[in-house]
Amino acid sequence: MKECIAMLLAGGQGSRLYALTQKLAKPAVPFGGKYRIIDFPLSNCVNSGIDTVGILTQYQPLELNEYIGNGQPWDLDRLYGGVHVLPPYQKASGSDWYKGTANAIYQNINFIERYDPEYVLILSGDHIYKMDYSKMLAYHKQQNADCTIAVLEVPWEEASRFGIMTADENGVITKFQEKPKEPESNLASMGIYIFTWKKLREYLERDEADKSSDNDFGKNVIPAMLGDHQRMCAYPFEGYWKDVGTIDSLWEANMDLLNPNVPLDVWDESWKIYSRTAGQPPHHIAPMAHVENAMITEGCEVEGEVDFSVLFSNVKVHPGAVVRDSIVMPGCVIEEGAQVHYAILAENVVVKKGAIVGARPEHMEDMSKWGVAVVGAGVTIGAGAKVGPKAMISEDVKEVL
Amino acid sequence: MVNLNAMGIIFANMHDSVIPELTDHRTMASVPFAGRYRLIDFVLSGMTQAGVQNVGVIVKSNYQSLLDHLGSGREWDLARKRGGLTIFPPSADSGYGYHGRIGALKGILPYIEDAKEKYVVLADCDAVCDLDYTALIERHISSGAEVTIAYAKEKMTPALAKNNVSLLLAPSGRVRELLINDPQTGKRNLSMGIMVIGREQLVDIVRTGYARGMVKFEQDILAKNLDTMKVYGFEYTGYRSRIADMSSYFEANMQLLYLENLNRLFPEERPVYTKVRDEAPVRYALGCKVKNCTVADGCIIEGEVENCVIFRGVHIGKGAVVKNCVLMQDTQVGPGVRMDYVITDKDVQISEGQYLGGTKNFQVFVKKGTTV
């Protein structure tokens, strides 16, 4: 038996990341030079002492499945427990896609029961943060709660973008509003729940029986439990947390790693973020290169200029090329004289000689046309070609002339 | 991949004495190199890529760091139920350590006898190279040789002169003469310390050689029997560095500041595996200056660095100026430090404002764990 196991919802399509998630589930999107988004919740689990994780996949699972493999990079290859990828499967009564977040857990009740857990931690695969779930679990037990929801204080003006919790002075949640127009509180749900398993199981079964339900935690299960006056508590989290579901937020979260004042420290030895990496030789910064305020990892060759940027493995920046304020994913090549500004280049993009991707806001006449440019995986930007700001080049394009 | 039916045996402590500074607390095999590797990584990765799935590593002394590095052998794909990685520390019947290669092999004779492979690749760790072991073994088979030794044509240096095996070859590639510590200068055919031999024949040689009090494989067996034994050379022409003393170690690292050398030693199609440390990418801070450096992950660079090989987890503080240095794992360089021609071993701390300097021909070496 396990005291607490984690279920990680990784089935989201991530449609707001457009070209980046055409063939990739959102949790598998590369982040921070050598990670993928899912490395954060997975590493948090291991670092918090949770050694059993079910990963619920549905959309474009191939690369994610391969990436997780036997879980060894996260120390989740265990004899009892460990990491398991759980796609929807066929049952005697037929087969169903996961209809909603709650249904995904419902369909895996058998998996959870195998570990006979006291508590179940529900996580999502689209947030960047470092959190000790064991402290949250201790809080859940101390509060004798049926459900504990991690919450973060957000600026009041942003509160209407989140699921907002109102809690009393004891931390007991009294009200939950999904994206309220006029928020009563600024405690936003982080999409991290701990349930007492018996209670959750009961509500999952009830929710499944309700044909009108969307089978969603935020929309259905949480409100139903609240309506029944189950003991639901808000666990206040302080620290860095970011939803990276949009191009802008993904870009910002990467840039946050470059800011020493942002409390997202991936260099901290006491809370490592693990990832599966190919293991490349050290990177090389050439004599004529200029590198400042950047994150660069193994296998890169920098001969040009890199400033305010995150380079993933095996990126080559040729002499005279400029990469600024950009995120360059594994295997990209920026050829001589090419310029990349405020852009996200997906894996294996080639920017040929003299091509320009993106633009600098200070050079824009009309700021409404400015934004981060995105180039999908494997696309070649031809010599001298231009990709404007805010562009979204699908990976089906193959080549921009 | 073709299964060439070969096993590997690696001598971890062979040549320890050439760099006592670095082998004071480790084996030659576990000497750190190229930012994130240990010398044994090049041999193990090469063998794995040739389909060698049964590798024995013979260790004699100071092998704690090597055991820690190798673990179960998983990183080299050698954590297997059949074969895989086996480490052989000295055993009671081999006495305290062993004497020469024959003694070392005698100590693990049952392992070699029980193996199923037809050939054995014997390898030392002091020559770093990107040898294609497949080609070496194939040549061994096709030439009908009893022993095939990988060698490279190399200019003799004073350091190499003290520790080499040099081959004089017939045009057919057959070894006519094998010299130990060949004193001659100029270009010589120097053994890479890697050879192939039939497994049953090796068992035979070790058993009879040991019985006759023979110690050194090259000197006592090969050199004396060249007219009856078919010993062939296999020329290696790729990138290589020989670790023959401290200054050649420094030079070998410095050579990796040239992109073409880096790419020759680490070709894309033949990756070199090592123990994963889960380090974050390198962070180059605002205001840092970096020129001509080869840098491994986990470092934070806030100062100025030029012509340096920087290993995993190194921190260069603000205002520090570090030039022509090899900084091993977790070296901490305080703010305002100035360093030129220094080699720091693991876990060295250089306190704020210190100056340390060597010269191009004589580098200052700071021992493991020292605080300056």
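This report describes a predicted model, beginning with the interface between chain B and chain A and then turning to features within each chain.

## The interface between chain B and chain A

In this predicted model, 35 residues of chain B are in contact with 36 residues of chain A. The size of an interface is often given as the accessible area lost when the parts come together. Here the area buried between chain B and chain A is about 2900 Å², and carbon and sulfur atoms give 51% of that area.

Two salt bridges are found across the interface of chain B and chain A, and one of them may be examined at B:Arg36, which forms a salt bridge with A:Glu298, with the closest N and O atoms 3.0 Å apart. Across the interface there are also 24 residue pairs in polar contact, counting pairs in which both residues are at pLDDT 80 or more. On the side of chain B that touches chain A, helix 11 (259-265), strand 14 (282-284) and strand 15 (289-295) of chain B each supply at least two residues, and the largest share, six residues, comes from strand 15 of chain B. By residue class, this side of chain B divides into 21 nonpolar, six polar and eight charged residues.

## Strand pairing between the chains

Strand 15 of chain B also pairs with strand 16 (residues 283-285) of chain A, in the antiparallel sense and over three bridges. Within this pairing, A:His284 has B:Thr294, in strand 15 of chain B, as its bridge partner.

## A buried tryptophan in chain A

A:Trp271 is found in the loop between helix 8 (247-256) and strand 16 of chain A, and the residue counts as buried because its relative accessibility is 14%, under the 20% cut-off. Leaving aside residues up to four places away in sequence, A:Trp271 touches A:Asn44, A:Asn47, A:Ser48, A:Lys130, A:Met131 and A:Asp132. For one of these, A:Asn44, the separation from A:Trp271 is 227 residues in sequence, whereas the C-alpha to C-alpha distance in space is 7.9 Å.

## Covered elements of chain B

Strand 6 (residues 119-123) of chain B is mostly covered, with five of its five residues buried. B:Tyr119, B:Val121 and B:Ala123 point one way from the strand, while B:Val120 and B:Leu122 point the other way, and all are buried. Strand 6 pairs in the parallel sense with strand 1 (residues 6-11) of chain B over five bridges, and in the antiparallel sense with strand 11 (residues 187-198) of chain B, also over five bridges.

The buried residues are B:Met246, B:Ser248, B:Tyr249, B:Phe250, B:Ala252, B:Asn253 and B:Met254.

## Positive phi angles in chain A

Most residues other than glycine have a negative phi. A:His229 has a positive phi, near 60 degrees, and lies in the loop between helix 7 (217-227) and strand 14 (232-236) of chain A. With a relative accessibility of 72%, A:His229 counts as exposed.

A:Asn293 also has a positive phi, in this case near 45 degrees, but its place is in strand 17 (residues 290-296) of chain A. A:Asn293 counts as buried, because its relative accessibility is 6%.

Key. Residues are numbered from 1 along each chain as its sequence is written. Chains are lettered from A and ligands numbered from 1 in the order in which they are written. This is a predicted model: local features need pLDDT of at least 70, side-chain atom pairs count only at pLDDT 80 or more; totals for chains, interfaces and linings use all residues. Side-chain values use heavy atoms; hydrogens and water are left out. Contact means heavy atoms within 4.5 Å. Buried area is the accessible area (1.4 Å probe) that two parts lose on being put together, summed over both. A salt bridge is a side-chain nitrogen of Lys or Arg within 4 Å of a carboxyl oxygen of Asp or Glu. A polar contact is a pair of N or O atoms within 3.5 Å; within protein, one must be able to donate a hydrogen and the other to accept it, and residues adjacent in sequence count only if both atoms are side-chain atoms. Helices (H or I, at least four residues) and strands (E, at least two) are DSSP runs, numbered from the N terminus. Ala, Val, Leu, Ile, Met, Phe, Trp, Tyr, Cys and Pro count as nonpolar, Asp, Glu, Lys and Arg as charged, and the others, Gly among them, as polar. Two strands pair if DSSP finds at least two bridges between them. Buried means under 20% relative accessible area, exposed over 50%, partly exposed in between (1.4 Å probe, protein chains only).
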